[in-house]
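Subject: Structure for your files

Hello,

Here is the structure for you to look through. My notes on what was found follow below it.

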Amino acid sequence: MKNNRLFQFIVVFLTVILLCGCWDIKDINKRTIPLVLGISKTNGGEYKVTLQIPVLKNESQVSKVVTGTGETITSALGKIRTNSENAIDYTQIRLIVVQNHLAHNQKEFTNIVKFLMGSEEIPSRSLMAITDENVEGVLSSINDKLGVHASSIYDFFNKGADWAPEIFSTPVWEVYRSLFSSTKDIAVPLIRSGRNTVLIFEGSDILKKGEIMDRLKPEEIQLIRVLQNKNEKGKIESLGFASIMVSNSSIRLKPSLNNDKPSLSSNLNIKINVLERNDGVTNKKIMEELERIIEERFFHILKRMQESHTDIFGFGQEFQQLISYNELKNWRDEYFPDLKVNFEVEVNME
Amino acid sequence: MRNKIVKELETTFSNQGDFFIEEELVDKTTIFLMGFKTLVDLPKSKLYIQQIEDSSRSAKALFMNLSNRINVNTEQLIEGILEGNLVIVSLDGKQNAVVNPFIQNLRSSVSEPKNESPIQSSTDAFGDDINTNVGMIRKRLTTTSLCHCSYQVGELEKRKLSMLYIEGRTPNALIEKVEQQLKGIKNDIETIDELNLQFGKRRFSPVSHLFATELPISAIHALKRNKIVLFLDNCPFALVFPNLLWDMLFSINDRNFPFILSFMLRFFRVIGLVATLILPALYVALVSVNPEVFKLDLALFVAKSREGIPLTAFLETIAMVVLVDLILEAIVRLPKSVGPAITMVGGIILGQAMVEAKLVSNLLVIVITAVVIASSSVIGMQNSLYIRLLKYPILILASLFGILGVCTGFIFTIIYLASLTSDDIPYMTFRIKKEGEIK
């Protein structure tokens with residue numbers, strides 16, 4: 001009996017040692033940890049993959065940029081892995097920058113998103129961004145800036161809504177979801193390298209099923225955030241004769257359907273702080289002016305969106321209980337262009 | 001002119017240098033005084049006998065007055081001498097007595113605890129003498145339902161063993177089982193572990209059936225919580241049976257503080273327990289197997305702190321953990337005057353030299369320090385030792401399977417502890433049911 005137990009123990013012990021695969025384990029300092037992945041295409045039609053890798057040993061240079069080309073993204077990544085000094089661990093990639101000429105091709109962009117989502121190593125929570133510049137230039141621009149860390153490019157998107165409410169961070173899985181959504185489209189931020197700071201936020205590209213439909217300015221993006229019921233806190237607005245800061249906002253949407261014509265009444269409540277004002281400007285004037293600007297901006301965007309059949313606000317979500325699932329698939333083309341929105345803004349002083 | 005009994009005793013103790021036979025003239029007859037010089041204070045005892053003699057009319061009356069163990073057989077006389085008594089035999093050998101003499105003082109008085117340091121509580125600790133120890137309990141627990149059973153166990157030496165419990169509280173079934181186990185002891189009981197083995201097979205288990213405490217307060221609390229307290233002669237500990245997991249986390253001394261403070265103390269002990277078990281394992285798992293779990297900034301920081309270190313995370317951790325356990329052991333072994341020196345040298349070697357030589361990362365030094373501090377936060381030295389042992393299997397699993405290994409290792413440790421029982425009482429029981437209590 002005792003011998004038998006010893007035998008069992010040896011079997012279990014050897015199984016654990018021989019089958020665990022622990023010889024492939026690499027310590028964190030033996031791995032190369034790229035933070036940003038850039039995807040573009042060469043003139044020859046090959047994919048070009050750029051990685052921004054933090055340099056830990058050197059004090060003067062924060063990161064290096066490595067590129068590889070291949071017929072597919074996987075083969076390009078594989079080539080980098082082959083040529084790298086250390087094992088490359090893609091699990092810490094936090095930002096994926098796609099060159100505009102790739103992004104504007106619906107088929108290519110859809111494939112990229114599907115690849116990123118399907119890849120086991122690249123985390124699906126990493127953020128996506130589009131750039132009009134050369135991807136390599138954007139990623140290497142971090143090296144000649146002062147006082148930046150290797151993770152600065154990622155930190156740029158992670159400031160938090162209170163600090164920079166315009167910046168829209170869109171993870172890969174949300175882009176992937178929007179490929180299949182019939183009621184909601186998505187905005188992907190647009191960046192370029194800055195002169196003094198690492199990045200400059202230029203606005204957002206609006207994607208409908210992987211196709212870029214429109215480009216919005218930062219202040220327009222802001223409004224979309226509000227309508228998607230994300231808080232607008234911290235936003236500073238200049239009215240010419242006064243500057244205000246939004247301290248709180250809330251929105252209430254009420255959908256209704258008359259003779260297959262959708263209509264939506266929306267109440268936006270905004271609380272503001274007046275930061276500065278010219279002499280003789282009353283609170284009432286500020287409030288009225290702000291209400292007018294926001295309404296004007298909203299209807300301007302809505303008109304553009306309805307023309308391009310793109311529902312960036314996600315209004316279709318509100319109609320899920322009123323319109324059947326099969327008909328909702330045609331939301332963008334049949335219902336959305338006829339959508340009447342009764343948009344009311346109410347501004348309060350704090 | 002010595003009679004048969006005296007000669008027999010003399011031959012029995014012929015190898016003992018400290019055995020004495022003194023002749024004393026009492027009431028015109030001679031009596032023999034026998035005993036061990038090392039145990040009996042002879043001049044004082046002689047004086048005592050002379051005082052009794054003055055008030056006694058005859059030699060027979062003297063024997064009667066001196067003791068109530070008179071005219072016993074030779075075996076009992078030998079036993080009496082071994083116990084440290086004075087044996088008196090008359091000239092003709094027909095009369096004898098075992099007298100309780102003035103004893104040489106071999107015992108230290110009640111002192112402060114050496115292995116525990118209670119705060120805001122009585123600082124009396126148990127001593128070597130079993131009677132003093134039981135007395136200390138009796139003095140603090142004045143009730144008739146406190147029961148005391150004495151045993152003498154062992155083959156070579158008869159060692160005194162006392163069992164205390166509160167009648168009507170401790171379950172009768174438990175008392176009977178323990179009584180049987182104590183009566184069944186065949187071999188000598190030299191250490192606490194030898195007594196521990198009598199309560200069932202736990203040869204390869206780090207967890208003992210007995211919880212040793214030096215403080216009368218905790219022993220009394222254990223009695224009130226329906227447990228059994230054992231005393232072994234010449235062992236300055238109360239041995240509480242059964243030992244439960246919560247004994248390592250909850251001490252009655254905590255309750256000298258307001259509830260919220262004692263809750264805090266106990267909560268910290270739980271953190272200490274868990275940290276000791278999984279912190280080194282977590283370090284290895286995160287640094288070498290699953291670095292993707294780290295937040296980005298932390299991953300870069302850890303990678304930077306490990307830059308240029310030749311050892312793998314597992315080797316580095318196991319080396320440090322073993323080294324620290326060696327230091328802890330060395331401090332115990334060393335005389336008190338040298339101990340601090342080793343602590344200082346050890347601290348400098350671990351903290352400074354190893355990091356500067358880039359042999360281990362400074363993050364690991366922080367982790368190890370935290371573990372050493374955490375492992376000492378639980379109650380009882382033996383508990384601290386066994387959780388230090390249990391961290392090794394988890395560490396090895398973590399190095400193979402990462403976070404998954406930490407989780408399975410931790411779960412298996414808990415399953416193992418939950419599987420332990422002492423006399424059908426699970427190790428993880430919160431409280432033992434009172435006798436007659438159904439739910």
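How many residues does the contact take from chain B and how many from chain A? The contact takes 20 residues from chain B and 20 residues from chain A, where two residues are in contact if their C-beta atoms, placed from the backbone, lie within 7 Å.

Before the rest, two notes on conventions. This is a predicted model, in which local features need pLDDT of at least 70, side-chain atom pairs count only at pLDDT 80 or more, and totals for chains, interfaces and linings use all residues. Residues are numbered from 1 along each chain as its sequence is written, while chains are lettered from A and ligands numbered from 1 in the order in which they are written.

On the side of chain B that touches chain A, the elements giving two or more residues are helix 9 (259-289), helix 10 (296-305) and helix 14 of chain B. Helices (H or I, at least four residues) and strands (E, at least two) are DSSP runs, numbered from the N terminus. Helix 10 of chain B gives the most, with 7 residues. That side divides into 12 nonpolar, 3 polar and 5 charged residues (nonpolar: Ala, Val, Leu, Ile, Met, Phe, Trp, Tyr, Cys and Pro; charged: Asp, Glu, Lys and Arg; polar: the others, Gly among them).

Helix 14 (residues 381-401) of chain B also packs against helix 15 (residues 403-419) of chain B, at an angle of about 150° and with the axes 7 Å apart. Axes are lines fitted to C-alpha atoms, for helices over the stretch in contact, and angles run from 0 to 180 degrees between N-to-C directions. That makes the two helices of chain B roughly antiparallel (an angle over 145 degrees). Residues from helix 14 of chain B, including Leu390(B), Ile394(B) and Phe401(B), meet residues from helix 15 of chain B, including Leu404(B), Phe410(B) and Thr413(B). The residues of this contact divide into 10 nonpolar, 4 polar and no charged.

In chain A, strand 13 (residues 242-258) pairs with strand 12 (residues 236-238) in the antiparallel sense over 3 bridges; two strands pair if DSSP finds at least two bridges between them. Gly240(A), in the hairpin of strands 12 and 13 of chain A, takes a positive phi near 90°. Strand 13 of chain A also pairs with strand 14 (residues 261-277) of chain A, antiparallel over 16 bridges. In that hairpin, with 2 residues between the strands, Asn259(A) takes a positive phi near 50°.

Regards

Note on methods:
Angles under 35 degrees count as roughly parallel, over 145 as roughly antiparallel, 65 to 115 as roughly perpendicular and the rest as oblique.
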